[in-house]
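Please look over the model shown here before reading the notes. The points go from the interface to one chain, and then to two single residues.

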Amino acid sequence: MRHDDICHIRDLGPNGHILSGGYAVKITVNVNGTAQTSDVEPRQLLVHYVRETLGLTGTNVGCDTSSCGACTLHVNGQSVKSCTMLAVQADGQNVTTIEGIAKGDELHPMQKAFMENHGLQCGYCTPGMVMAAIGILDENPKPTEDEVRVALEGNLCRCTGYHNIVKSVLACANG
Amino acid sequence: MIPAAFDYKRASSAEEAISLIAQAGDEAKFLAGGHSLLPLMKLRLAAPSMLIDIGRVTDLSYIREAGDHIAIGALTRHTEVENSAVLQQHVPLLAHAASHVGDPQVRHRGTIGGSIAHADAASDLPATTLALGATYVVQGPNGRRSIAAPDFYAGFLENSMNADEMLVEIQVPKMNGAGWSFQKFNRRAQDWAIVGVAAWRRGSDSGVALVNMGSTPILASSVASAIKGGASIADAAQQAVAEADPQGDLNASVEYRTHLAKVLVRRALEESTK
Ligand SMILES: Cc1cc2nc3c(=O)[nH]c(=O)nc-3n(C[C@H](O)[C@H](O)[C@H](O)COP(=O)(O)OP(=O)(O)OC[C@H]3O[C@@H](n4cnc5c(N)ncnc54)[C@H](O)[C@@H]3O)c2cc1C
Ligand code: FES
Ligand code: FES
């Protein structure tokens, strides 16, 4: 999107493009391999875009203050906290959410590792944990246990199942 | 938590960003990685009328050798600073300090320019570049000018740039094999430092700066003078708070911060002395 496009849409005035408190801009985001075009308010957070505009509710909101990592997804292959990014910042980029990592019925190896190693209890932190963990192995394919613990510092598990989460990531790295 | 409504423009070059902010006036702000600004906007502690997104000004994302210093583009993300082979070789203190910023997700988004422009005394990179004697290059409607790091930090979350200026480059002198140390004391993983120290030393030359020991990052010049004058590390460390003005908060009292600064400066000097 170029900003003249934004002005253009804005010039359309109240006919369907003015949302509460602001105006809409058109963005196109490649989400899990599919180009999605939507009108969004500039202030819409990426996590709300994914959950509410696209209906992909696998990505959770935990703290909403960039502390817990429940909202972690990938932008251009890197893990980010989607509660601290605007949807407009993802315009033209590739976004991968937890819904986009399995191949049909076949779970992603990290999902399988979490399942096999009891890496989840209530499951609330799990989508963010899995996305963060995939990012960790992308950058460091054979991490030590310490490296996994440090690299997961941005993800909290309120069920405190950290041992099995770390075990899952290591199992995936070595599997 | 949703920010108050704002207008959004995306700039594709520094020139465009500067002309957009000049037109937009006081209430507009640059958006780089958004990892300081968006949390403030979500809490409605900031409500700019317009965001000028400079996150795609990719020609300001670089790390390169330039004679006696390394030039870093303002839009370079923490993760690139952390993993840069050029910085690991020539300015290992900065690469290491960047690896202590937040967590991997934060480092994938946050930029060195955003961190310095935000001028948070509690942030790691303002103090680290201050200790290293960095120069910040800013660009305005009439071109570029350089600001020495000690002249940049004007007050609490305040820098000395004009409203229509943008930080474009950080120039950090090569360390030429100097010893160094980065001490970050925090209670929880991912947190900002309660107190932090960035230090380097080569013989009687040294640079020491403090994180979260005042309303700006603090250059501990008295420590460097003491070392220059031949003081022992223990004696030099006693000068740690000479320039500081620590505040008490939920994490630490003024007394505790003062004690911590002296201990961490001593450790940092010990580690830097080889
Ligand atoms: C959970 C979390 C933990 C964190 N932990 C740490 C930590 O431990 N240590 C630490 O140091 N930091 C920490 N941070 C802050 C992080 O480093 C930010 O990325 C950084 O402070 C701001 O960079 P940004 O690119 O995100 O800037 P933005 O948020 O986009 O901008 C910050 C401010 O600078 C201005 N600005 C940005 N770029 C420029 C420019 N080029 N020229 C002029 N003005 C500009 C903006 O207008 C804004 O006012 C943390 C952040 C989060 C969310
Ligand atoms: S909801 Fe985004 S980090 Fe907690
Ligand atoms: S499994 Fe319950 S929060 Fe992690």
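How many residue pairs are in polar contact across the interface of chain A and chain B?

1. The rule finds 16 residue pairs in polar contact across the interface of chain A and chain B, both residues at pLDDT 80 or more. A polar contact is a pair of N or O atoms within 3.5 Å; within protein, one must be able to donate a hydrogen and the other to accept it, and residues adjacent in sequence count only if both atoms are side-chain atoms. On the side of chain A that touches chain B, the elements giving two or more residues are α1 (3-11), β2 (22-23), β6 (78-81) and α4 (126-139). By class, that side has 14 nonpolar, 15 polar and eight charged residues. Here Ala, Val, Leu, Ile, Met, Phe, Trp, Tyr, Cys and Pro count as nonpolar, Asp, Glu, Lys and Arg as charged, and the others, Gly among them, as polar.

2. This is a predicted model: local features need pLDDT of at least 70, side-chain atom pairs count only at pLDDT 80 or more, and totals for chains, interfaces and linings use all residues. Residues are numbered from 1 along each chain as its sequence is written, chains are lettered from A and ligands numbered from 1 in the order in which they are written, and side-chain values use heavy atoms, with hydrogens and water left out.

3. Chain A brings 37 residues to the contact and chain B brings 34 residues, where contact means heavy atoms within 4.5 Å. Four salt bridges are counted between the two chains. One of them joins the side chains of Arg107(B) and Glu153(A), at 3.9 Å from N to O; the rule asks for a side-chain nitrogen of Lys or Arg within 4 Å of a carboxyl oxygen of Asp or Glu.

4. Chain A has six helices and seven strands. These are DSSP runs numbered from the N terminus, with helices (H or I) of at least four residues and strands (E) of at least two. Of the 175 residues in chain A, 52% are buried, meaning under 20% relative accessible area with a 1.4 Å probe, protein chains only.

5. Ile136(A) is found in helix α4 of chain A. This residue is buried, with a relative accessible area of 9%. Leaving aside neighbours within four places in sequence, Ile136(A) touches Val148(A), Ala151(A) and Leu152(A).

6. Thr216(B) lies in the loop between β13 (205-211) and β14 (218-219) of chain B. Thr216(B) is also buried, at 15% relative accessible area.

Definitions and conventions: Buried < 20%, exposed > 50% of the residue type's maximum accessible area, 1.4 Å probe, protein only.
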